[in-house]
Amino acid sequence: MNFSFKNILLEWGPLLLLAFFVSSCRSFLAEPRYIPSGSMLPELQINDRLIIEKISLKNSSPQRGDIIVFKSPFSFDEKLVASRSNPLPNKSYCFFMGFPPMSFIPGLRDQACDAYIKRVVALPGELVSVNIKGEVIVNNKKIFEPYVINFCSESFFNNCGEFKSLKVPKDHFLVLGDNRSNSWDGRYWPGGKFLHKKEIIGKAYFRFWPLKNFGLFKNQALHESLSL
């Protein structure tokens, strides 16, 4: 059998081009994500499958109420990075760790390669506070959050990441989980509470699994503000 370079190119070329196209789409246009935890309950259930689009936030900023995916705080929080015993992994390593066979191998996973999904609750320039229940106060007014039903119970041992009157820096956002009683988010990051825009991967666009919840995501906070 003649395995000439031309035959190999004709046989494998289309597959290589297809693989490159899929990889490009994942990198620049959109990508699938699944929900591994309950930090965004009840809006996002564990094992939901989503499509994250990456185009709209290239030249614009997220709005209050948007659900966004961003890089792990373990990759950008100064105190978390400083506590590492080894250098941060590069993009190629994190890319391959995103595939299930690799990510399931003990000892290979790095927290800095993870992606987080939370909701934008405060915007650049705003004065923001979070009270002991996990409610958000922006410019001295509690914001409308119809997506939150699991606020913290008031307890001496749990202040729910409470903080008062911090100004959101330019190009930064406060992002919190909808499940305020069980979400590790900006309230608890040791190096700073706010997420820089450059760390954002994309915005939740629609859910494709389970089929009963198939559909686009709506910004409930924005809808409410427009209807007032």
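Student: Where is leucine 211 placed?

Tutor: Leucine 211 sits in the loop between strand E11 and strand E12 (215-216). Helices (H or I, at least four residues) and strands (E, at least two) are DSSP runs, numbered from the N terminus. Before we go on: this is a predicted model, where local features need pLDDT of at least 70, side-chain atom pairs count only at pLDDT 80 or more, and totals for chains, interfaces and linings use all residues. Residues are numbered from 1 along each chain as its sequence is written, and side-chain values use heavy atoms, leaving out hydrogens and water.

Student: Is leucine 211 buried or exposed?

Tutor: Buried means under 20% relative accessible area, exposed over 50%, and partly exposed in between (1.4 Å probe, protein chains only). Leucine 211 has 59% relative accessibility, so it counts as exposed.

Student: Which residues make the nonpolar surface patch with Leu211?

Tutor: Patches take residues with over 30% relative accessible area and no salt bridge; like charges are joined within 9 Å, and nonpolar side chains (Val, Leu, Ile, Met, Phe, Trp, Tyr) within 5 Å. The areas come from the Shrake-Rupley method with a 1.4 Å probe, and for residues only the protein chains shown count as cover. Here Trp209, Leu211 and Phe214 make a nonpolar patch of about 380 Å². Phenylalanine 214 counts as exposed because its relative accessibility is 53%.

Student: What kind of aromatic pair do phenylalanine 206 and phenylalanine 214 form?

Tutor: Rings of Phe, Tyr and Trp (its six-membered ring) pair if their centres lie within 6.5 Å; planes under 30 degrees apart are stacked, over 60 edge-to-face, and the rest tilted. By that rule there are seven aromatic pairs. Phenylalanine 206 and phenylalanine 214 make a tilted one, with 5.6 Å centre to centre and 55° between the planes. Elsewhere, Phe70, Phe74, Phe76, Tyr116, Trp184 and Trp189 form one aromatic cluster.

Student: In E11, which residue has phenylalanine 206 as its bridge partner?

Tutor: That's isoleucine 51. Two strands pair if DSSP finds at least two bridges between them. E2 and strand E11 (residues 200-209) pair antiparallel over five bridges. Five bridges also join strand E1 (residues 30-34) to E2, again antiparallel, and there proline 32 has isoleucine 51 as its partner in E2. Strand E2 (residues 49-53) is mostly covered, with four of its five residues buried.

Student: In what order do the four strands of the open sheet come?

Tutor: The order is E7-E6-E5-E8, with antiparallel pairing. Strand E7 (141-142) and strand E8 (163-167) are at the edges with a single partner strand each, so one side of each has no neighbour in the sheet. Strand E6 (residues 136-138) meets E7 over two bridges, and isoleucine 137 has lysine 142 as its bridge partner in E7.

Student: How many salt bridges does the structure hold?

Tutor: Side chains of opposite charge can pair when their charged atoms come close. A salt bridge is a side-chain nitrogen of Lys or Arg within 4 Å of a carboxyl oxygen of Asp or Glu. The structure holds 12. One of them joins lysine 142 to glutamate 135, at 3.5 Å from N to O; glutamate 135 counts as buried, at 13% relative accessibility.

Student: What does glutamate 43 form a salt bridge with?

Tutor: With arginine 207, the closest N and O atoms being 4.0 Å apart. Glutamate 43 lies in the loop between E1 and E2 and arginine 207 in strand E11, so the pair ties together parts that are 164 residues apart in sequence. Arginine 207 is buried, with 10% relative accessible area.
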